[in-house]
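Here are a few notes to read alongside the structure, written as numbered points. Please keep the model open while going through them.

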Amino acid sequence: MNAVFPGSFDPITNGHLDVLTRAAKIFEHVTVTVMHNARKQGQHLFTLDERLDILRAATAALPNVSVDSFGGLLVNYMVQQNKGIIVRGLRAVSDYEYELQIAHLNRQLGEVETVFIMAATRWSYVSSSMAREIASYGGDISTMVPSASAEALRRKFAAVEGRGQAQV
Ligand code: PNS
């Protein structure tokens with residue numbers, strides 16, 4: 001059985017990587033898919049290509065994981081390409097309500113099943129948005145995100161600072 005691990009990955013965190021690594025032990029193949037929407041492009045720190053590059057570097061050691069992107073409804077991607085099961089991570093109870101709604105909607109829209117993997121407790125407080133926020137102030141995010149994400153965040157905020165603007 002194959003699986004898809006969808007998300008924004010702006011950028012991938014150690015929590016994502018933990019869930020992905022464990023999913024890769026359960027499923028034959030896992031595709032990490034950056035879901036993107038042209039209208040929401042400005043809402044992300046990293047471009048789609050940057051997020052894909054970071055993901056490729058961060059997942060290079062996982063042989064049954066590949067990286068992809070899709071602009072549209074997740075169910076269309078899952079059903080049209082016969083992708084199998086959706087994997088999502090749960091960090092804390094606060095994630096549950098949102099994830100429950102999406103899982104039910106995806107099942108109603110495309111009869112696609114979602115499997116949840118609980119992120120290890122050591123990553124329960126880590127999120128892409130917090131990593132971006134901390135990195136924007138020059139804080140150390142090296143224990144929260146893979147090195148590819150940490151380097152990309154450092155480069156991004158150095159470039160932003162050089163232009164005299166800060167946008168998280
Ligand atoms: O990393 P995120 O931002 O929590 O991921 C959310 C994501 C991208 C998985 C979700 O927003 C999504 O599936 N978007 C694609 C559009 C879609 O299918 N929306 C309807 C979900 S019911």
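1. Is Phe 70 buried or exposed, judging by its relative accessible area? In this predicted model, Phe 70 is buried, because its relative accessible area is 17% and the cut-off for burial is under 20%.

2. On aromatic rings, the count comes to two pairs. In one of them, the rings of Phe 5 and Phe 9 have centres 5.4 Å apart and planes at 65°, so this pair is edge-to-face, and both Phe 5 and Phe 9 are buried. Phe 70 and Tyr 77 form a pair that is tilted, with 5.0 Å from centre to centre and 40° between the planes.

3. Turning to the ligand, the residues that surround it include Gly 7, Ser 8, Met 35, Arg 88, Tyr 98 and Asn 106. An N or O atom in the side chain of Ser 8 is 2.6 Å from an oxygen atom of the ligand, while a polar backbone atom of Leu 74 is 2.8 Å from a ligand oxygen, and a polar side-chain atom of Arg 88 lies 2.9 Å from an oxygen atom of the ligand. Taken alone the ligand exposes 540 Å², of which the protein buries 71%.

4. Leu 109 lies in helix α4, which spans residues 93–110, and Leu 109 counts as exposed because its relative accessibility is 55%.

Definitions and conventions: Residues are numbered from 1 along each chain as its sequence is written. This is a predicted model: local features need pLDDT of at least 70, side-chain atom pairs count only at pLDDT 80 or more; totals for chains, interfaces and linings use all residues. Side-chain values use heavy atoms; hydrogens and water are left out. Helices (H or I, at least four residues) and strands (E, at least two) are DSSP runs, numbered from the N terminus. Buried means under 20% relative accessible area, exposed over 50%, partly exposed in between (1.4 Å probe, protein chains only). A residue is near a molecule or strand if one of its heavy atoms lies within 4 Å of it. A polar contact is a pair of N or O atoms within 3.5 Å; within protein, one must be able to donate a hydrogen and the other to accept it, and residues adjacent in sequence count only if both atoms are side-chain atoms. Accessible areas come from the Shrake-Rupley method with a 1.4 Å probe; for residues, only the protein chains shown count as cover. Rings of Phe, Tyr and Trp (its six-membered ring) pair if their centres lie within 6.5 Å; planes under 30 degrees apart count as stacked, over 60 as edge-to-face and the rest as tilted.
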